[in-house]
Amino acid sequence: MQRKPIHSILFGIMLLLIIIPILFPFIWMLMSSFKTQVDIISWPPKFIFTPVMQNYERVFIEQDFLHYMKNSVIVSVVSVFFSLILGLPAAYSIARYKQNKLSVFILVARLMPGISFLMPWYIVFSRLHLMDSYVALILSHMLIALPLVVWVMAPYFDSVPRELEEAAMVDGLTQQSAFLKILLPLSGPGVVTATTLSFIFSWNNFMFSQVLSQQKTRTLPIAVYNFLSYVEVDWGAVMAAAVVIMAPAIILTMFFQKYVVKGLTMGAVKG
Amino acid sequence: MYCAKKDRRIAVLILLPMLLVLFIFVYGFIAWSLRISFTDWNSILPNMTSVGFENYQRLFSSQRFQTDIRNTIFFTLFFLVICIVGGFFLSYLLYSKLRGESFLRTIYLFPLSLSFVVTGVLWRWIFSPEVGINSLFRMMGFEATFGWFTSTYSIGGFNVALIALIIAASWQYLGYTMAMFLAGLRGIPDQLIESAQIDGAGELAITWYIILPLIKPITFSAMIVLGHISLKIFDLAYVMTGKGPAFVTDFPGLFMFETTFRGNHYAEGAAISIIMLILVAVVIVPYLISTLRGDSE
């Protein structure tokens, strides 16, 4: 919509004003993670201070956050990988053979509250002595990633003209290789969206990891929560730990902003 | 033409591994939870004696669970209204193409990629009595310190302590609703607006009579998405406030977690989780029906 210049300026000013409450918590968190305990609780907040690394040292050296980080990376990368392997063909099948009824089951699985199937997970995996194992965690995180992959990818596959695939098959490609060599590369942006989103969701997941992991496989969000409950007052270190979890997700969102937004709003606009 | 029957077989075959995973680990396990919720399994040892609806009856008559349901409803209402009104307002401001729009949009979307754990930690700190917002109030001359999420004050059943949680959750999802609305606004054909402008309609009239009706489906989707998030809220409250004094910030998810994994009351926990499922279903079933109808048209 064309607006009068005076309106545009006014709107711009409002937008900048709203940025402050959105951004302020981030800046405060980032700054505090480099402050000493004394500087953190001093008021008014110090914007100019000597940055110290002691909070990060505490997190990485005393608390062994590298170990939890490794766990988080293993769980999210492996679960996203297997979700793509299972989910891409499934999305293809839904798009090509119009299996909309089945796709509803997949969507609903994503919307269900995790709490409603959490207890059997706990029962089964403790009976199988798979508590605190990567297998249990990766499987549970796949439940988050799998429906997401299908949900994002099916419309992408659907938008590639069927003739392209048929032409390739006439030229002697099997359906599988037509899928791998033609359809998948053409749906590149979709794969990026699905991968980024599933990674972020898995990286951020709290509930499954809280129930299924202990010391050996504990992921970052749980580590930060535990940290919070016994060092209540050491806010600097807690903020440093929070920055560690936040960084990869924020960086990914910045790089793939277009895809992330598209993936998350797609269902909505269609709906 | 393809042979439809053979096609369907292939399709199902490709889908099978994934459907199996979901049918066992989601739907099967939900059925299992449902089964447990009708038993007397309220200790460490499995006990599958059926007791009918006893667990549900006990829950609904418990003070704590009543508070939980009330909290969930209030939290959901405020969260929805703030995100939808605020998100629409933001998208509306961004609608006329401004310089630096993508920069602004990125910043509004920052909180969305955070884990609820990070949001919880961050806002717990901002609302903590010693540091954070209270220091600001003290500086402005208010001596009395507001307890925020530890306050036990309640207005007509609404626990004031929830405000802190509502602010944190809305902060995280405001950008998301903005992005949804912005996508919708951009989908409105320019000619429609332009012709209305030529006819002399002012900006308010255009918004009220053209834009709002056209983005109704988006408002509906946003309500579904946000509603199902807030009805199953767990992580944020668990990390940020816990159940709070006199359960002022308690939610069914927290109750379920505590009673199951700390207290070994499996049957009671299962009953809570089934009630949560029903709450979420009330929101998503109409959405699914409308989606399915849209597909068959």
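The accessible surface of chain A comes to about 11600 Å², and carbon and sulfur atoms account for 71% of that area. This is a predicted model, in which 93 residues of chain A are in contact with 96 residues of chain B. Across all chains the structure holds eight salt bridges, yet the count between chain A and chain B is zero.

**Chain A as a whole**

- Chain A contains 14 helices and zero strands, and its C-alpha atoms fill a box of roughly 70 × 70 × 35 Å when taken along the principal axes.
- Of the 271 residues in chain A, 57% are buried.
- When contacts in chain A between residues at least 6 apart in sequence are considered, 74% of them join residues at least 24 apart.

**The interface between the chains**

- The size of an interface is often given as the accessible area lost when the parts come together.
- For chain A and chain B the buried area is about 8800 Å², with carbon and sulfur atoms giving 79% of it.
- Thr106(B), which is found in helix α4 (residues 101–109) of chain B, touches Met254(A) and Gln257(A), leaving aside residues up to four places away in sequence.
- Thr106(B) has a relative accessibility of 14%, and it therefore counts as buried.

**Annotated transmembrane regions**

- For chain A, an unreviewed UniProt entry lists "transmembrane region" at residues 9–31, 73–95, 102–123, 135–157, 178–203 and 235–256.
- Residues 9–31 of chain A are 100% helix and 0% strand in the model, with the end C-alpha atoms 31 Å apart, while residues 235–256 of chain A are 95% helix and 0% strand, with their end C-alpha atoms also lying 31 Å apart.
- For chain B, the same annotation name, again from an unreviewed UniProt entry, covers residues 12–34, 73–95, 107–126, 146–166, 208–229 and 269–289.
- Residues 107–126 of chain B are 70% helix and 0% strand, and the end C-alpha atoms of this span are 20 Å apart.
- Residues 146–166 of chain B are 24% helix and 19% strand, and here the end C-alpha atoms lie 16 Å apart.

**Salt bridges**

- Side chains of opposite charge can pair when their charged atoms come close.
- In chain A, Glu62(A) forms a salt bridge with Arg58(A), the closest N and O atoms being 3.0 Å apart.
- Because Glu62(A) and Arg58(A) are four residues apart in helix α3 of chain A, about one helical turn separates them; Glu62(A) itself is exposed, with a relative accessible area of 57%.
- In chain B, a network of salt bridges links Arg64(B), Lys243(B), Asp250(B) and Glu258(B).

**A nonpolar patch and exposed loop residues**

- Ile9(A), Ile13(A), Leu17(A), Ile20(A), Phe24(A), Phe47(A) and Ile48(A) make a nonpolar surface patch of about 760 Å².
- Most residues other than glycine have a negative phi.
- His129(A) has a positive phi near 55°; this residue is found in the loop between α6 (115–127) and α7 (134–159) of chain A and is exposed, with a relative accessible area of 70%.
- Ala246(B) likewise has a positive phi near 55°; its place is in the loop between α11 (235–240) and α12 (252–262) of chain B, where Ala246(B) is exposed at a relative accessible area of 63%.

Key
Residues are numbered from 1 along each chain as its sequence is written. Chains are lettered from A and ligands numbered from 1 in the order in which they are written. This is a predicted model: local features need pLDDT of at least 70, side-chain atom pairs count only at pLDDT 80 or more; totals for chains, interfaces and linings use all residues. Side-chain values use heavy atoms; hydrogens and water are left out. Patches are made of residues with over 30% relative accessible area and no salt bridge: like charges are joined within 9 Å, nonpolar side chains (Val, Leu, Ile, Met, Phe, Trp, Tyr) within 5 Å. Accessible areas come from the Shrake-Rupley method with a 1.4 Å probe; for residues, only the protein chains shown count as cover. A salt bridge is a side-chain nitrogen of Lys or Arg within 4 Å of a carboxyl oxygen of Asp or Glu. UniProt positions are given in the numbering used here, feature names are shortened, and annotations may be inferred rather than shown by experiment. Helices (H or I, at least four residues) and strands (E, at least two) are DSSP runs, numbered from the N terminus. Buried means under 20% relative accessible area, exposed over 50%, partly exposed in between (1.4 Å probe, protein chains only). Contact means heavy atoms within 4.5 Å. Buried area is the accessible area (1.4 Å probe) that two parts lose on being put together, summed over both.
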